[in-house]
Amino acid sequence: MLDQLSAVGKYLGQTARLMVGVPNYDTYAAHQRSRHPDAPVMSYEEFFRERQEARYGGKGRVGRCC
């Protein structure tokens with residue numbers, strides 16, 4: 001029962017972070033290590049910068065309509 005509550009709490013925390021646009025580096029790093037072991041894992045700073053650019057249209061990309 002406690003394990004299930006912990007899993008629900010973790011899931012709700014991740015959902016809340018995604019709703020406000022805060023990237024989860026730990027989830028990214030775990031995914032990269034398990035699914036793409038040959039690919040390099042970005043540092044937290046690189047990851048955060050890449051997520052900010054993707055969200056706000058960095059590198060000349062426009063992700064918004066106006």
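This note reviews the structure shown above in numbered points.

1. Basis of the model. The model is predicted: local features need pLDDT of at least 70, side-chain atom pairs count only at pLDDT 80 or more, and totals for chains, interfaces and linings use all residues. Residues are numbered from 1 along each chain as its sequence is written, and side-chain values use heavy atoms, with hydrogens and water left out.

2. Overall fold. The chain contains 3 helices and 0 strands, and its pattern along the sequence is α-α-α. Helices (H or I, at least four residues) and strands (E, at least two) are DSSP runs, numbered from the N terminus.

3. Surface and burial. Accessible areas come from the Shrake-Rupley method with a 1.4 Å probe, and for residues only the protein chains shown count as cover. Of the 66 residues in the chain, 14% are buried. Here buried means under 20% relative accessible area, exposed means over 50%, and partly exposed lies in between (1.4 Å probe, protein chains only).

4. The start of the chain. L2 belongs to helix α1, which covers residues 2-20. L2 counts as exposed because its relative accessible area is 68%. Together with M1 and L5, L2 makes a nonpolar surface patch of about 400 Å². Patches are made of residues with over 30% relative accessible area and no salt bridge; like charges are joined within 9 Å, and nonpolar side chains (Val, Leu, Ile, Met, Phe, Trp, Tyr) within 5 Å.

5. Q32 lies in helix α2, residues 25-35. With a relative accessible area of 12%, Q32 is buried. Leaving aside residues up to four places away in sequence, Q32 touches P37, A39, P40 and V41; contact means heavy atoms within 4.5 Å.

6. The salt bridge. The structure holds 1 salt bridge, a term for a side-chain nitrogen of Lys or Arg within 4 Å of a carboxyl oxygen of Asp or Glu. E50 and R51 form a salt bridge, and their closest N and O atoms are 2.9 Å apart. Side chains of opposite charge can pair when their charged atoms come close. E50 is partly exposed at 29% relative accessibility, and R51 is partly exposed at 34%.

7. Helix α3 (residues 44-56) has 13 residues and spans 18 Å from its first C-alpha to its last, close to the 18 Å expected at 1.5 Å a residue. The expected span is 1.5 Å times one less than the number of residues. Just after α3, G57 has a positive phi of about 75°.
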